[in-house]
Structures are given as structure tokens and as C-alpha cells.
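Q: I have a model open and would like to learn how to read it. Could you walk me through its features?

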Amino acid sequence: MAKPQIIKTPSGEELVVLSRAEFDALAAAEAGEDANDAAIYDERMADLAAGRASVLPEQISRLRCYGG
């Protein structure tokens, strides 16, 4: 992987330039994660609809969300 180029705009915003191959690899990895999350959601909703208890994995159950 080549070192990304960082460009600073006149307003101070930083932009990162990646090769198309690097961008495509990042996008594919994110799409895979999204598909996995959707599959887990669908499984849990099917469990609830069928009246089965649905247990979250321990590492998820230990997370604490504070609405922000």
C-alpha cells in the first residue's frame, strides 16, 4: 500500500488521496462488514418473530451505550 497523499485546502480541511485500488479495497471491506451486520440483524429478528430468545454475543453485551 502506497502512502496516501494529504492535501490541505485553503479553509484548513484535510483531504486524503488514495489509489483507486486502495479505495476499492476499503469500500469492499466496509461492504462486507455491512452485509455481516445485516445478516446478524435478520437472524435476531427471525428469532424474535419465532418467539425464540435471542442472545447477543458476550463482547456486545458488555458494551455500554450512552446515547451519544
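A: Gladly! This is a predicted model, where local features need pLDDT of at least 70, side-chain atom pairs count only at pLDDT 80 or more, and totals for chains, interfaces and linings use all residues. Residues are numbered from 1 along each chain as its sequence is written, and side-chain values use heavy atoms, leaving out hydrogens and water.

Q: What does the secondary structure of the chain come to?
A: Helices (H or I, at least four residues) and strands (E, at least two) are DSSP runs, numbered from the N terminus. Here there are two helices and two strands, in the order β-β-α-α along the sequence.

Q: What radius of gyration does the chain have?
A: The radius is taken over C-alpha atoms, and the globule rule is 2.2 Å times the number of residues to the power 0.38. The chain has 19 Å, whereas a compact globule of 68 residues would have a value near 11 Å. Its C-alpha atoms fill a box of roughly 55 × 30 × 20 Å along the principal axes.

Q: How much of the chain do buried residues make up?
A: Buried means under 20% relative accessible area, exposed over 50%, and partly exposed in between (1.4 Å probe, protein chains only). Buried residues make up 4% of the 68 residues. Phe-23, in helix 1 (residues 20–49), is partly exposed at 45%.

Q: What is the accessible surface of the chain?
A: Such areas come from the Shrake-Rupley method with a 1.4 Å probe; for residues, only the protein chains shown count as cover. The total is about 6200 Å², with 58% belonging to carbon and sulfur atoms.
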